Amino acid sequence: MAEPGEHRSDALPIHLQIAEMMIRDIAAGRLVDGQRLPPEREMAAAHATTVRTLRKALAEMEEQGLLERRQGSGNYVRAGGPTRAVYSMFRLEHAVGGGGLPRARILSVDRLPKDADQPVYGSSDHGTRFRRLRFLDDVPIAVEEIWLDAGAGAVPPEMVQDSLYLTYKRALKLWITRAEDRVGLGIVPDWAPPAFAPPPGQVTAFIRRLSWAQGARAVEFSRTWYDTERALYVQRLI
């Protein structure tokens, strides 16, 4: 699979990547309400893209009410409102400065019986297990193990994208609407790749998450081990 930063067929379109990065910068306070953005050609060059692609990203932000485009004056940030960000439930940000664009490298996709350490969720004793290495921009910051209950459906491996929630929508018509996180300490699993700095067996920060779709039962369970030297868990109340 391609390295972060290279073109990948499973990555978000470039204009959505730019919009997501800016949305997370707004949430982290790196872009503030009323701030005038740089000229479009300058921004396009900074993102190594075309002005046309950048304008698609700005149009996405404007549609979400996060950008005001003033004729003859420029583009201005509008912060504080709700968003439909693809990574709105991704709570990890750079330890210094916040923000960062989430990326993922799939390590494995398997259909398996649920293990005994999982809580009760869904309608099946089997699930699809996704193991991933997570990045913020190009920095590896976490390893994840996500289980989607078999009763919710099976995602073809070739349809798996950076955002599993977007994958669920496209492959299964399944919308994750809420999640419950429990944060503590855990031991880095033996399958963690060398790119993840804390070695297998080391204690690090750990997140257990249950996620719900349209129904009353949770449909997804995940475990995330993250590198506290590179990332922080952030929950904002707006």
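Visitor: Which strand is Glu144 found in?
Guide: Glu144 sits in strand β6, which covers residues 139-149. Keep in mind that this is a predicted model.

Visitor: Is Glu144 buried or exposed?
Guide: Buried. Its relative accessibility is 8%, and the cut-off for buried is under 20%.

Visitor: Which side chains make a polar contact with the side chain of Glu144?
Guide: Arg132 is one of them, at 2.9 Å. The side chain of Arg134 makes a polar contact with the Glu144 side chain too, at 3.2 Å.

Visitor: And what else does Glu144 touch?
Guide: Leaving out residues up to four places away in sequence, its contacts include Phe90, Phe130, Trp191 and Thr224. Arg131 and Arg223 are also among them.

Visitor: New topic. Where does Arg105 lie?
Guide: In strand β4, residues 102-113.

Visitor: Why does Arg105 count as buried?
Guide: Because its relative accessible area is 19%, and buried means under 20%.

Visitor: How many Å apart are Arg105 and Glu20 in space?
Guide: They are 18 Å apart, C-alpha to C-alpha. In sequence, 85 residues separate Arg105 and Glu20.

Visitor: What is the mean pLDDT of the protein?
Guide: The mean is 91. Of its residues, 95% reach 70 or more.

Visitor: Where is the pLDDT below 50?
Guide: Over residues 1-6. That stretch has 12 contacts in the model beyond near neighbours in sequence. Where pLDDT is low, predicted coordinates should not be read in detail.

Terms used:
Residues are numbered from 1 along each chain as its sequence is written. This is a predicted model: local features need pLDDT of at least 70, side-chain atom pairs count only at pLDDT 80 or more; totals for chains, interfaces and linings use all residues. Side-chain values use heavy atoms; hydrogens and water are left out. Helices (H or I, at least four residues) and strands (E, at least two) are DSSP runs, numbered from the N terminus. Buried means under 20% relative accessible area, exposed over 50%, partly exposed in between (1.4 Å probe, protein chains only). pLDDT is the predictor's confidence in each residue, from 0 to 100. Contact means heavy atoms within 4.5 Å. A polar contact is a pair of N or O atoms within 3.5 Å; within protein, one must be able to donate a hydrogen and the other to accept it, and residues adjacent in sequence count only if both atoms are side-chain atoms.
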